[in-house]
Amino acid sequence: SDEQGAATAIGAAVRARRRALGLSMRDLSGRIGTSQPFVSNIENGRIFPSLRTLGLLADALGIPSDQLLRS
């Protein structure tokens with residue numbers, strides 16, 4: 001589905017940016033106040049993050065949230 005494709009693309013963008021910053025999944029989950037498995041589910045495209053979560057991720061990764069949506 002389109003949503004699954006979007007979730008996969010967002011997850012890949014989150015993972016790439018997190019790795020570029022040298023952050024672990026645990027580091028990122030701590031920054032956004034969630035669990036490491038939740039971050040894993042986003043990165044692997046199993047969860048489509050809410051707009052609130054997208055905003056938190058973008059802030060934690062130092063990028064505009066639309067950069068995650070454009071991915």
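Mentor: The model is predicted, so local features need pLDDT of at least 70, side-chain atom pairs count only at pLDDT 80 or more, and totals for chains, interfaces and linings use all residues. Residues are numbered from 1 along each chain as its sequence is written, and side-chain values use heavy atoms, with hydrogens and water left out.

Trainee: What makes up the secondary structure of the protein?

Mentor: Five helices and zero strands. From the N terminus on, the order is α-α-α-α-α. Helices are DSSP runs of H or I with at least four residues, strands are runs of E with at least two, and both are numbered from the N terminus.

Trainee: Why is Leu 61 called buried?

Mentor: Buried means under 20% relative accessible area, exposed means over 50%, and partly exposed lies in between (1.4 Å probe, protein chains only). Leu 61 has 1% relative accessibility, so it counts as buried. It lies in helix H4, residues 51-61.

Trainee: Which residues does Leu 61 touch, leaving out those up to four places away in sequence?

Mentor: Val 14, Arg 17, Arg 18, Leu 21, Leu 23 and Leu 28. Contact means heavy atoms within 4.5 Å. Take Arg 17: it is 44 residues from Leu 61 along the chain, yet their C-alpha atoms are separated by 6.7 Å.

Trainee: Why does Glu 43 count as buried?

Mentor: The value decides. Glu 43 is at 2% relative accessibility, so it counts as buried. Glu 43 sits in helix H3, residues 36-43. Beyond four places in sequence, its contacts are Gly 11, Ala 12, Val 14, Arg 15, Arg 18, Met 25 and Leu 28.

Trainee: And why is Thr 53 counted as buried?

Mentor: Its relative accessibility is 11%, and therefore Thr 53 counts as buried. Thr 53 belongs to helix H4.

Trainee: What puts the buried residues of H4 on the same side?

Mentor: First, the list: Thr 53, Leu 54, Leu 57, Ala 58, Ala 60 and Leu 61 are buried in H4. They cover an arc of only 165° around the axis, which puts them on the same side of H4. The arc is that of the directions from the helix axis to the C-beta atoms. On the other side of H4, Leu 51, Arg 52 and Asp 59 are exposed. Cover for the buried residues includes helix H1 (2-20), helix H2 (25-32), H3 and helix H5 (65-70).

Trainee: How do you know that the buried residues of H2 line one face?

Mentor: In H2, the buried residues are Met 25, Leu 28, Ser 29 and Ile 32. Seen down the axis of H2, these fall within an arc of 100°, so they line one face of the helix. Arg 26, Gly 30 and Arg 31 are exposed on the face turned away. The buried residues of H2 pack against H1, H3 and H4.

Trainee: What makes the buried residues of H3 line one face?

Mentor: Val 39, Ser 40, Ile 42 and Glu 43 are buried in H3. Down the axis of H3, they fall within an arc of 160°, so they line one face of the helix. H1, H2 and H4 are included in what covers them.

Trainee: What share of the 71 residues of the protein counts as buried?

Mentor: 37%. Of the contacts with a separation of 6 or more, 57% come from residues 24 or more positions apart.
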